[in-house]
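Subject: Structure for you, with pocket notes

Hello,

Here is the structure we talked about. Please open it before reading on; my notes follow below.

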Amino acid sequence: MSHFAHRSGVLHAEDVAIPQIAAAVGTPFYCYASASLEEQYRHFSEAMPKGALIAYAVKANGNLAVIRTLARSGAGADVVSAGEFKRALAAGIAAQKIVFSGVGKTRPEMAFALDAGLYQFNVESESELEALNEVALSKGAVAPIALRVNPDVDAKTHAKISTGKAENKFGIAWTQVRDVYARAKSLAGVKVVGVAVHIGSQIIELDPFRAAFARVAELVRQLRADGHALTRVDFGGGLGVPYESGDAPPRVRDYGDMVREAVRHLDVELILEPGRFLTAPAGILVTQVLYLKEGEKRRFAIVDAGMNDLMRPALYDAWHELIRVQEPAPGAARLPYDVVGPVCESTDLFARDRELAELKAGDLLAFLTAGAYGAVLASGYNARPPAPEILVKGGQFAVVHPRKTVEAMMADEKMPSWLG
Ligand code: LLP
C-alpha cells in the first residue's frame, strides 16, 4: 500500500499533511515515509529464504535516518566506498553485516573495512585481489572475499544501469573466473568464501535474474570441484519497482521463489543487495510551481526543484509520476505541460507533455517513487542548495537533512594567497 495518499483532498505522508511540512521547511524537499521503508523491507525479507543477509545497497539512499530505519528492521548494508561504510556504521549497522562492493576500492578503504571487521569484500578484478591481499598481509589480517563475476547476461534494463554484460566494466570476465579463484586460493591475505553477481538495476523481468543465478549456481559447483570451500553466494540487487501505472515488475514473492530455487541444494548462506526496492516507493520530492509560461510551441510549468535535486530524468530519461498535493476539482480541465526546473540546462526537464489539471503559480506538486537515487545524486550545481530530507513516522515528521545555506556551501572554499 502507498503511504502517500490524499485525505480530504490533501496529500499526506502517513498522517502528516504535505502542506504542513512545506510551510515548515519550504520547497523543494524530499519526504520519506517510515512505514513504507519498513513495509518494503518486510515484504522483501519475508519473500527470501530464512537467514538471508539483506544488505541494503546504501547508494540508493544514504540518509542516516533512512539507513537506521532499515537497520532496525534487520538490514545489513552493501557499500561501495569507505564513505558509505562509515554511514552504515553511523546508522547502527554492525560491520559484520556489511558487504563492500565496487570496482575501484582504494587501499586505504580496504584497510578501513578490514579494521572495522566487515562481512566480506566483493572483489571485481585480479589487480584489486592482489592489492587487497597486500593490504591484509600488512595488517596480519585475512580478508573474507567473494569474487564478483560478470555472467554476460542482458538485464534488459536501461543501458546506463546495466552491469552484467561482457562489455560492462563490472565483475570478472566469465572466461577468467576459474583462474582468478585459483590465484585467490594461493594468497595468504584473503580467504575465498563466495561468489557474487549483480547484473543491473530496475530489472523488470525475472528471466535475466534466473539466467544469471543459474550460471552462478553452476559456477559454485564447478569451483567446489576445483577445491574451493565456498559457503556464500551474493545475488546482488536490481529488483525493479513500478514508476508508471502500466509498469509490472516481478512480484517480490516470485523473485524470492526464484532465488530459493536457484540456491536449492547449494547449501550456502545467501546475501541480497536490494536498494531501489526498499527505498524508491518510500520517498517523494515535493516542489512548488513558480511560473507558467506559454512558449511558441509548448506550455511550461517552471518548478522550484531542479535537475540538481532529482537527476534521474536528465540522466536516464526516467519517468516519475507527478501528482498535485491539493487534489484538483473533479472534472478540472487537463492540459499538457513541460515541467521544468530553474537550472540553466535544457536537460533540466522532468516531464514532457505531462497532462495535469490546470496549474497556477504556488501549486504544490509531488514526484513519486523518488526515494531511491534521488537525494543521493543531488548536487549544488547553479549554487543551489539541494532539497532537504524529511522523515515521517505516523503523525510526526523530522528534518533529517536540513537545507544548507549558500553561505555554508561556500564556507569550506579557500582563496589562494595570491588572490587575497
Ligand atoms: N549491488 C550493487 C553491486 C550495485 O551496483 C547496485 C546498484 C545495487 C546492489 C542496488 O541495485 P538496486 O536494487 O537499487 O537496483 N542511479 C541509477 C541506478 C544505479 C544502480 C547502481 N548499482 C538510477 O537512478 O536508476
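From which domains does the lining of the largest pocket draw at least three residues each? The answer is domain 1 (4-31 + 280-410) and domain 2 (34-279). Please keep in mind that this is a predicted model.

The largest pocket

Its volume is about 620 Å³. The lining has 34 residues, and the closest to the pocket centre are Lys-59, Thr-163, Phe-170, His-198 and Tyr-373. Two helices, α10 (276-279) and α11 (312-316), each supply at least two lining residues. By class, the lining of the largest pocket counts 12 nonpolar, 13 polar and 9 charged residues.

The second largest pocket

This one has a volume of about 530 Å³. Its lining is made of 27 residues. Closest to the centre are Gln-40, Val-241, Pro-242, Pro-281 and Thr-369.

Where does the second largest pocket lie? Domain 1 and domain 2 both give residues to its lining, so the second largest pocket lies between them.

Three elements each supply at least two residues to this lining: α2 (34-47), α9 (252-263) and β14 (283-294). Which of the elements gives the most? That is α2, with 4 residues. As for residue classes, the lining of the second largest pocket divides into 13 nonpolar, 9 polar and 5 charged.

Best wishes

Conventions: Residues are numbered from 1 along each chain as its sequence is written. This is a predicted model: local features need pLDDT of at least 70, side-chain atom pairs count only at pLDDT 80 or more; totals for chains, interfaces and linings use all residues. Side-chain values use heavy atoms; hydrogens and water are left out. On a 1 Å grid over the protein atoms alone, a cavity is a set of points where a 1.4 Å probe fits but cannot get out, and a pocket is an open set with protein on both sides within 12 Å along at least five of seven lines; lining residues have an atom within 4 Å of a point. Grid points are joined across faces, edges and corners, and a volume is the space filled by probe spheres set on the points. Ala, Val, Leu, Ile, Met, Phe, Trp, Tyr, Cys and Pro count as nonpolar, Asp, Glu, Lys and Arg as charged, and the others, Gly among them, as polar. Domain bounds come from an automatic or database domain assignment.
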